[in-house]
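Dear colleague,

Please find below the structure that I am handing over to you. My notes on it follow directly after.

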Amino acid sequence: MRFSGLEVRRFRSIGGDGVVLRPWRRCNLLIGQNNAGKSNIIRAFRLVTAISPFVGANRANAKLRVTSEDVWGLKSDEAMEYTMWFEFNDESEAGLCDLLGCSEVRFDFQWRHQSEFPSVVGCSVSEIDEPGRAASFVNTLRGSPQDGVKFQRQADLVDYIKKQGDDLFRLFAREVPRVELLPEFRQIRHDDNAGYGFDGTNLIAELSEWSSPEFGDQQLRSKFIKIQDFLRQLLHLPDAELSVTTKSQTIMLNSNGLRLPLASFGTGTHELVILLVAILHEEHVVFCMEEPEVHLHPRLQRELISFLVGQTDSTYLVSSHSPTMINADFELPSTLTDAIQVFHVTRQIRGTTCSPVAGDSAVIQAVHDLGVRPSDLLQTNAVIWVEGPSDRVYLQRWIELLDPDLIEGIHYAVMFYGGRMLAHISLARDSINYDDVSDVHTNLIDVLRINQRAVVLMDRDRDSRRIPINESKRRIQRQAAETESVAWVTHGREIENYLSSRVVSAAIKVQCGIEVNLTVNEFGRFGQSIRDALKRCGARDINYENRKVEWSRRFAAEYTRDDIGEVLRKDITPALKAIRTWNDS
């Protein structure tokens with residue numbers, strides 16, 4: 001049996017909707033903005049785990065209380081509520097799972113600030129639909145399978161939980177983890193009047209004892225070796241030796257004949273040692289940490305998480321503002337990736353909310369909430385996908401005229417998918433199963449993996465608006481609607497059908513010295529229209545289809561803001577608005 005999750009409701013910034021820490025893993029990361037409520041989640045976790053051993057037991061030693069300030073909305077007539085889950089995870093408990101009908105038991109608690117202790121107000125055991133099976137479950141759990149409680153009706157079971165819920169919970173309370181808080185501010189210092197402290201107090205003396213323990217206490221030495229090996233890997237010094245000087249209270253590192261204080265390797269490395277000693281000091285506990293990334297380079301943050309789940313036997317509840325933590329499992333061995341669960345914490349009108357980060361959509365939302373933009377990583381904040389380079393020329397000019405503050409290469413980039421290649425790209429998110437070779441989507445290029453903000457411009461390629469566009473384009477439209485992307489299908493046949501007749505005629509006159517009477521219509525074939533106009537003038541064709549890029553630049557050069565017609569303005573507006581939103585966020 002093990003503790004497997006917690007839900008908290010009506011506590012400080014956490015409203016009635018509650019926050020749920022499930023699934024519960026070895027390392028549980030709370031990611032969110034300042035004032036989102038991460039500290040209140042940790043505070044609630046520490047409170048309910050500390051008080052749990054006293055529920056239904058000897059309560060004389062309990063010191064924690066729920067005050068009126070702890071209750072959501074400062075409403076004195078309301079109560080803090082929470083739910084704990086416990087999972088049967090041992091083969092010997094298979095019979096209990098069969099009787100229960102699942103592998104987890106849930107206990108619901110209510111704690112009024114006037115009350116000294118919380119009370120069990122509900123339990124999933126009462127939901128067993130057969131009273132006889134429920135009685136067998138309770139009696140087996142209590143170690144008296146042959147004799148014990150009997151339930152004739154479902155109401156008897158509900159009444160039992162109401163009256164004996166605290167006593168039943170005592171059988172699970174031993175699985176509630178012991179919790180330790182690692183302080184946010186840490187510094188190595190000496191204090192004759194104190195023992196070792198997680199904040200770095202008397203760390204030198206503690207580490208000295210680990211380096212040279214008394215005979216028979218080699219477990220301390222193994223902890224010292226773990227820290228030394230970690231530093232060797234971190235600093236790329238495979239032969240480094242760690243030592244401490246009790247007189248000068250200094251941690252030293254010896255490598256290649258050079259002996260330097262650990263502080264010489266940077267504040268981040270120093271901070272990590274304080275954390276590592278604290279973490280290794282206790283075993284089989286839940287460590288709560290707030291913002292361990294302070295002073296830690298992103299690489300050190302990843303190394304720390306890797307150490308926590310790979311080199312220790314404790315569990316962790318960590319709050320952070322760092323986007324690095326969101327992909328903390330990226331460099332872990334496959335055997336450890338399931339040890340990490342990231343929760344996105346946000347503050348809504350109804351209070352703090354918390355949801356597991358799973359899939360690209362949730363990751364992008366969490367990263368965006370932390371204020372990280374693609375341009376912070378030297379990427380543009382949007383990509384416009386077009387069929388070919390001439391499309392880019394037209395778009396570039398139109399954007400320059402309509403929204404000159406948007407700069408290509410910073411606010412957006414243009415990439416080419418190449419005509420028929422449209423059938424091989426996807427705007428879907430969370431739907432591609434790369435491990436399943438039979439999945440048709442694995443043959444598609446995942447555009448959002450290149451950049452999560454996408455505009456896809458597609459030629460209609462139809463002689464009339466009454467003729468439906470093909471399935472590939474309809475699929476892109478559907479996927480765009482599901483992923484906050486923009487799918488732009490040209491109003492007319494192709495992008496060239498947006499061109500102003502004045503612009504085309506002016507460019508031909510500048511280049512060829514010929515006055516042409518040209519009309520560009522919505523669904524006419526653009527190249528053919530130019531050939532017909534030139535033929536009427538007795539002039540040679542400019543061969544637009546084979547010289548698109550060259551002539552698109554000439555046409556674009558003639559464009560003024562007045563040449564952008566109403567239809568083009570209407571069609572380009574959603575793309576411009578999206579790009580502006582993505583850059584302003």
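**Findings: an aromatic pair and its surroundings**

Phe198 is buried, its relative accessible area being 16%, where buried means under 20% relative accessible area, exposed over 50% and partly exposed in between (1.4 Å probe, protein chains only). Phe287 is likewise buried, at 0%.

Before you read further, please note that this is a predicted model, in which local features need pLDDT of at least 70 and side-chain atom pairs count only at pLDDT 80 or more, while totals for chains, interfaces and linings use all residues. Residues are numbered from 1 along each chain as its sequence is written, and side-chain values use heavy atoms, with hydrogens and water left out.

Rings of Phe, Tyr and Trp (for Trp, the six-membered ring) pair if their centres lie within 6.5 Å; planes under 30 degrees apart count as stacked, over 60 as edge-to-face and the rest as tilted. By this rule there are 26 aromatic pairs. One of them joins Phe198 and Phe287 edge-to-face, with 5.9 Å from centre to centre and 75° between the planes. This pair links distant parts of the chain, 89 residues apart: Phe198 is in the loop between strand S7 (179–182) and helix H5 (203–211), and Phe287 is in strand S11 (residues 286–290). Helices (H or I, at least four residues) and strands (E, at least two) are DSSP runs, numbered from the N terminus.

One aromatic cluster includes Phe3, Trp24, Phe45 and Tyr82.

Strand S9 (residues 250–255) pairs with S10 over four bridges, and Ser255 has Leu258 as its bridge partner in S10.

For the protein as a whole, there are 16 helices and 20 strands. Of its 585 residues, 50% count as buried. The C-alpha atoms fill a box of roughly 105 × 80 × 50 Å along the principal axes.

Yours sincerely

Conventions
Pairing = 2+ DSSP bridges.
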